[in-house]
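Me: Please take a close look at a single part of this model. Then set that part in the context of the whole chain.

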Amino acid sequence: MSLFSMSGLVMKWLLRKPYTSRYPFEPRQAIPGSRGSLDIVLNECTYCTLCAKRCPTAAIEVDRAAKRWTIDRLRCITCNCCVEVCPKKCLSMNTAHGIPTVTKDREVCSPA
């Protein structure tokens, strides 16, 4: 490969836009059809425990007596099984990704 053709290739690489995004410095764009995080509307929830029974990773716990719905975000694989089985349709998948979780804290949702 001659020096002339190689310099043309180097210039082309320098002037083109990068293929990857600068994620920590630029906001991540949501991909249409992707599953980001699980959302719940507690006002409509009947605490029937179907979502907890259907969850393949046991990330969801429902306490009927205390009216408490708990999710472990590190265990949730966003498979959409809980959304499909919910009779009141109070669960939904949001395409926006949430804040990264690094601790084993459980997210507890209970009505006010």
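Reply: Val 10 is partly exposed, with a relative accessible area of 39%. Partly exposed lies between buried, under 20% relative accessible area, and exposed, over 50% (1.4 Å probe, protein chains only). The model is predicted: local features need pLDDT of at least 70, side-chain atom pairs count only at pLDDT 80 or more, and totals for chains, interfaces and linings use all residues. Residues are numbered from 1 along each chain as its sequence is written, and side-chain values use heavy atoms, with hydrogens and water left out.

Val 10 sits in helix 1, residues 3-15. Helices (H or I, at least four residues) and strands (E, at least two) are DSSP runs, numbered from the N terminus.

Areas come from the Shrake-Rupley method with a 1.4 Å probe; for residues, only the protein chains shown count as cover.

Now the whole protein. Three helices and five strands make up its secondary structure. From the N terminus, the order is α-β-α-β-β-α-β-β. The C-alpha trace spans about 75 × 25 × 25 Å along its principal axes. Of the 112 residues, 22% count as buried. The accessible surface comes to about 8,600 Å², with 58% belonging to carbon and sulfur atoms.
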